[in-house]
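Let us walk through this model step by step. Keep the sequence and the 3D view side by side.

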Amino acid sequence: MEQYNYQQQVIVEPAPAKKPIGLQVTALILGIVGMALAFVAYFATIFSNIGAAAAADGYPFTQNAAAVSGVSLIASIVIMVLCLVALILSIAGLVKSIRRATRTVGGIIMSAIALNLSGAGFALSIVGMVIGGLFSFLIRSGAIH
């Protein structure tokens with residue numbers, strides 16, 4: 001009788017390389033920072049303009065109202081640029097995470113959160129600029145005195 005010697009071949013697959021998610025993490029961090037700064041700038045714009053309106057009521061000179069609006073305008077523009085960079089990075093990270101052969105769920109989630117935060121921060125900055133401009137216009141025109 002013949003004996004057959006069956007030997008099983010052991011196939012060792014290399015460990016899968018970790019997919020880089022640095023772009024998504026960067027977008028998430030910039031989105032969080034942008035939203036937090038936009039939130040602070042929004043309320044700082046409102047309260048500083050209310051303070052400028054109260055000062056304009058007590059004093060006849062309202063030149064400082066333009067300085068308050070100028071500072072808040074510059075801060076809002078810087079925050080809008082930061083949120084815009086986070087928005088672009090989050091869109092690129094989301095597309096990159098979805099188009100991979102093996103989708104990275106963590107990258108998709110981080111990019112989606114960053115997209116929401118940066119978009120909300122951008123919108124909040126625009127609203128703060130509009131409210132600041134409205135207050136500045138009302139103070140300069142004398143409607144608030």
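Helices are DSSP runs of H or I with at least four residues, and they are numbered from the N terminus. This is a predicted model, so local features need pLDDT of at least 70, side-chain atom pairs count only at pLDDT 80 or more, and totals for chains, interfaces and linings use all residues. Residues are numbered from 1 along each chain as its sequence is written, and side-chain values use heavy atoms, with hydrogens and water left out.

Start at serine 76. Serine 76 sits in helix α2 (residues 63–99). Its relative accessibility is 4%, so serine 76 is buried (under 20% relative accessible area; exposed is over 50%, partly exposed in between, with a 1.4 Å probe and protein chains only). Leaving aside residues up to four places away in sequence, serine 76 touches Ser125 and Met129. Contact here means heavy atoms within 4.5 Å.

Now turn to the aromatic rings. A ring pair is described by the distance of the centres and the angle of the planes. Rings of Phe, Tyr and Trp (its six-membered ring) pair if their centres lie within 6.5 Å; planes under 30 degrees apart are stacked, over 60 edge-to-face, and the rest tilted. This rule gives three aromatic pairs. One of them joins tyrosine 42 and phenylalanine 43: edge-to-face, 5.1 Å centre to centre, 80° between the planes.

Phenylalanine 43 also pairs with phenylalanine 47. Their centres are 6.3 Å apart and their planes lie at 25°, so this pair is stacked. The two are four residues apart in helix α1 (residues 22–58), so about one helical turn separates them.

How exposed are these residues? Tyrosine 42 is buried at 18%, phenylalanine 43 is partly exposed at 33%, and phenylalanine 47 is exposed at 55%. Together with Phe39, Tyr42, Phe43 and Phe47 form one aromatic cluster.
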